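Please read them alongside the sequence and the model.

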Amino acid sequence: MKRRLLLGGSAALALSACGFKLREAPTFAFDAVQLNGISGGYVTSQLYREMQVNDLRVNGTPPPPVILTVQVDQRERVVVGQTAAGQVRELQLRQRFRFNLRTRDERMLIEDTELLIERDMSFNETQVLSKDAEEQMLYRDMTSDIAQQVVRRLAAVRQI
């Protein structure tokens with residue numbers, strides 16, 4: 001029992017000494033955001049939810065001090081591998097999101113930024129249903145990842 005406590009205590013001490021710290025909830029220099037551009041997109045919808053979870057008001061009144069403009073929110077599915085008979089064997093899934101952040105007086109806080117996530121996926125036509133479920137899961141993970149990246153970039157803005 002003493003040995004376990006000693007090992008647990010030394011592990012905690014080692015982690016704190018290296019500077020390890022759990023990610024904290026982001027803090028923002030503003031309390032509200034106006035979301036413009038593509039509405040109803042994959043990442044845009046997830047981003048809306050992420051901002052609300054992190055206590056950012058979206059598109060409220062009075063008009064928010066900053067405007068997040070979504071320029072591109074798209075998914076791509078590209079064949080990257082085929083058999084000699086022309087059957088698809090490997091796909092590449094892409095989630096692309098481009099945005100910028102500016103103040104009401106048109107001062108750019110975050111210049112046009114494009115986030116692109118790619119995932120490779122094997123494909124077998126005899127397992128179409130399971131591969132479709134895998135594709136949807138990969139897209140859902142990529143969408144969530146991009147939305148979290150955008151929120152972290154918004155939190156990196158220190159003053160408006």
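How do the residues of the lining of the largest pocket divide into nonpolar, polar and charged? They divide into 4 nonpolar, 2 polar and 4 charged, where Ala, Val, Leu, Ile, Met, Phe, Trp, Tyr, Cys and Pro count as nonpolar, Asp, Glu, Lys and Arg as charged, and the others, Gly among them, as polar.

1. Basis. This is a predicted model, in which local features need pLDDT of at least 70 and side-chain atom pairs count only at pLDDT 80 or more, while totals for chains, interfaces and linings use all residues. Numbering starts from 1 along each chain as its sequence is written, and side-chain values use heavy atoms, with hydrogens and water left out.

2. Pocket. The largest pocket has a volume of about 200 Å³. A pocket here is an open set of points on a 1 Å grid over the protein atoms alone, where a 1.4 Å probe fits, with protein on both sides within 12 Å along at least five of seven lines; lining residues have an atom within 4 Å of a point. The volume is the space filled by probe spheres set on the points, which are joined across faces, edges and corners. The lining includes Arg23, Glu24, Glu50 and Arg152. Its largest share, 4 residues, comes from helix H3 (residues 128-156); helices (H or I, at least four residues) and strands (E, at least two) are DSSP runs, numbered from the N terminus.

3. Sheet. An open sheet of mixed pairing is formed by 5 strands in the order S2-S1-S3-S4-S5; strands pair if DSSP finds at least two bridges between them. Strands S2 (57-58) and S5 (108-122) stand at the edges with a single partner strand each, so one side of each has no neighbour in the sheet.

4. Hairpins. Strand S3 (residues 66-82) pairs with S4 in the antiparallel sense over 15 bridges. Their hairpin has 5 residues between the strands, and glycine 86 there takes a positive phi near 90°. S4 and S5 are also antiparallel, over 12 bridges; 4 residues lie between them, and glutamate 106 in the turn has a positive phi of about 70°.

5. Glutamate 90. This residue lies in strand S4 (residues 88-103). Glutamate 90 is partly exposed because its relative accessible area is 33%, between the limits for buried (under 20%) and exposed (over 50%), with a 1.4 Å probe and protein chains only. Beyond four places in sequence, glutamate 90 touches residues including Val79, Asp120 and Phe123, contact meaning heavy atoms within 4.5 Å.
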